[in-house]
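This report walks through a single protein chain, moving from its overall make-up to a few local details. Please keep the sequence and the model at hand while reading.

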Amino acid sequence: MEGKQLKEGNVDISEVESTPNTHRELAIEATELFDAGEFSECLSRLAKLQEQRPLDTRFTHNADVVEFYANNFKNVDDFKKKLNSVCSLGEISFENIDSLDDVRNCCIYYNQAVLLYHSMQYSSAFRILNKVFTFIETMDEELRRSVTLLLLELLLRAQKPDKALSVIAAIENLLRLDSSIKSEAIEDDESAREGTSSKEESNNADIEAFKLRLKVYQCRCYLAMRNPKSCEKELENFVKNPEKKYCAKFLQAYLAYLKGSLRLSVQFLTALPIENNFTLTGDSTQLAFYNNLGCVHLYMGKPNIASLYFQKALKENENNRKISNSNNNDAANKYLFTCDGNKLPQIMYNLGVSLLHSGKPIQAFDCLTLAVQIYHTNPRLWLRLAECCIMVHKNDNERDFDFINKRKDVLHEVIGSGIHRKLILNLSLFENNKYSYDAQSFAIPVATLEFATLCLRNALLLLSGSFIDCSPSNPVTASQVINLRASVLIASAYVSLCLGDPIVAMNNCRNLLNIPNSSGIHKLLGHLYMAEALILLDRLPEALEHLKPDYSNYMMPPEPKENTGSSLKTWKPDNSASARAVFQYNLAVVLALKGELLKAAELLKQVWLTKGPQCEIPVQIISLALYIELSLGRADIARNIIKQNCPHFNRPS
């Protein structure tokens, strides 16, 4: 959205009132030289201050910060060592953050937080900034602004937009209080009313720029909370500001994306000239452009086009990485703000999801395996990995309902002739089970059903926590958590059935059916899988309870109104009529197993009569009908079924 314009250091050379005038003058000169970018002269003034006040660690720290600026924010490791050295001199501990009791030391802690932030140690940086923020009212204005912006960035990365809004509200109240105090002071001071100094005018400009950045963060918070109305209201405050045109366009594109105006989102993105500003800010608008376009096209149901944009984003990220690792990969020559410029995990996550929707589970699995090494606390990512494994095992179930073509495979072959002619049924019409007896570790990341069980177990464990981290995605809502948990449970039940573990499948289905407000599709599958698990456990009366006709009336997903371009095939049943037929078929299976063959035959007849374009029935119904008719001794009816569905075996006897 917006480049990280955070200060890598903050110089604090304010003195107490008892400081001699020479010290004050040197401090003022050093500050002015630093602001003017005259770092060598600034260092000379600070050296004199250090000679006069050798025990004051602030001057030593300021000299280190100025030297870091003079080196153009390079030699990061050297600056870290100097910062630790200053801490040891001043008996400051970053580990024991509660020891911070003096606002004058906040600058050192802030700089440590910046280093941690660019090292992608966000939790440690937040722990420090959270303590520093308690001194926000007594800080000087420049440090206050820097601390606030960094804290907001950390809160958004931690998926806590609500807390970020609270920080913004507190800072805005503080700004209003400061403005009121200054106004009263000017009214009391006649000379101040005559005009303001250039320094004060510059400070006012900085405050206005800071307020504008607060509005940007406010919009980002509302977007993270999926509150487009509030975001749209705040966006009006700076959408026409030329300094924020890039940021405004990206925010407008995101806003349109959340509102479902996908074409408008693309228009906002393509309206901006793309520039590579990685070496200046550490962020790449070109990379963000490709990544955002990929997200929009994926949401439009065009995963193949989305994959192309994500691959372009990967190429751009690789170019930035080469820039960051220039000069023979010498770490001393890296800029601080490019240390966290590698966006590979985020892009691989997006690319993996788009490849999964493109029907390429193996390639998607490889991408998501890399992403999960960073985002291992994301339950949705573990679910996507399991879905890759499931798709490798079975890409779709369309062939189960391909009645016209697949019915020919019901018979395997014909043996003999005349009265000795025998029809051999195809016992492996569909192979959905996968039993493994190999002694191997299922923890090895391979796209197998065994590894899927591990992924789904991790997802369930993460969903049981009080805080669900779906980084790098936005925070999940309560309803999304319910659907996510239901999706994980139903996938676990399916995998368990495929691996021949009906007890685990039954437990997963029971937990799913006990979830309040779960979707109708999840409930429908839950009853079907529960019935199948109970059948395998020979608990037929209980299986009948889960095959009631009412359960087949759960809401099915609406059929797409137009071709979205997605390569991901829809699993059957995909409408209420087909779902009812599947329930009736499974009910007939249970009745046949119980020996109630006449009821099962009558039920299959009803299913057969509903067959049509709007009601697809599973092809296994032929095999079941043959079994029932032969068991009832009605061989003529069985022959007619074979003649109607397997004409290629109707040779003269």
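R226 is found in the loop between helix 10 (198-224) and helix 11 (228-235). In this predicted model, the backbone at R226 has a positive phi of about 55°, although R226 is not a glycine. Such a value deserves a remark, because most residues other than glycine have a negative phi.

F73 lies in the loop between helix 3 (57-70) and helix 4, and helix 4 itself covers residues 76-89. With a relative accessibility of 14%, F73 counts as buried.

The bond from S471 to P472 is cis, with omega near 5°, whereas most peptide bonds are trans. P472 has its place in the loop between helix 22 (449-463) and helix 23 (478-498).

The table below gathers the relative accessibility of several loop residues.

| Residue | Relative accessibility | Class and source |
|---|---|---|
| E38 | 41% | partly exposed |
| D102 | 22% | partly exposed |
| N105 | 19% | buried |
| F73 | 14% | buried |

Where does E38 lie? E38 is in the loop between helix 1 (21-35) and helix 2 (39-52). Although E38 and V66 are 28 residues apart in sequence, their C-alpha atoms are 9.5 Å apart in space.

D102 and N105 belong to the stretch that leads towards helix 5. D102 is found in the loop between helix 4 (76-89) and helix 5, and N105 also has its place in the loop between helix 4 and helix 5. The C-alpha atoms of D102 and V132 are separated by 9.8 Å, while the two residues are 30 residues apart along the chain. N105 counts as buried because its relative accessibility is 19% and the cut-off for buried is under 20%. Leaving aside neighbours within four places in sequence, N105 is in contact with I92 and L100.

Following the chain onwards brings us to a pair of packed helices. Two packed helices are described by the angle between their axes and the distance between the axes. Helix 5 (residues 106-118) and helix 7 (residues 141-157) pack at an angle of about 35°, and their axes are 11 Å apart. The crossing of these two helices is left-handed. On the side of helix 5, the residues that take part are C106, C107, Y110, A113, V114 and Y117, and they meet L143, S146, V147, L150, E153, L154 and R157 in helix 7. Sorted by kind, the residues of this contact divide into ten nonpolar, one polar and two charged.

Finally, the chain as a whole can be described. The chain holds 30 helices and two strands, and buried residues make up 46% of its 653 residues. Among contacts between residues at least 6 apart in sequence, 66% join residues at least 24 apart. The accessible surface of the chain comes to about 32,900 Å², and 51% of this surface belongs to carbon and sulfur atoms.

Notes: Residues numbered from 1 in each chain as written. Predicted model: local features only at pLDDT ≥ 70, side-chain atom pairs only at ≥ 80, totals over all residues. Heavy atoms only, no water. Axes fitted to C-alpha atoms, helices over the stretch in contact; angles between N-to-C directions. Helix = DSSP H or I, 4+ residues; strand = E, 2+ residues; numbered from the N terminus. Left-handed = near helix turned anticlockwise from the far one by under 90°. Contact = heavy atoms within 4.5 Å. Nonpolar A, V, L, I, M, F, W, Y, C, P; charged D, E, K, R; others polar. Buried < 20%, exposed > 50% of the residue type's maximum accessible area, 1.4 Å probe, protein only. Areas by Shrake-Rupley, 256 points an atom, 1.4 Å probe, with all protein chains shown as cover.
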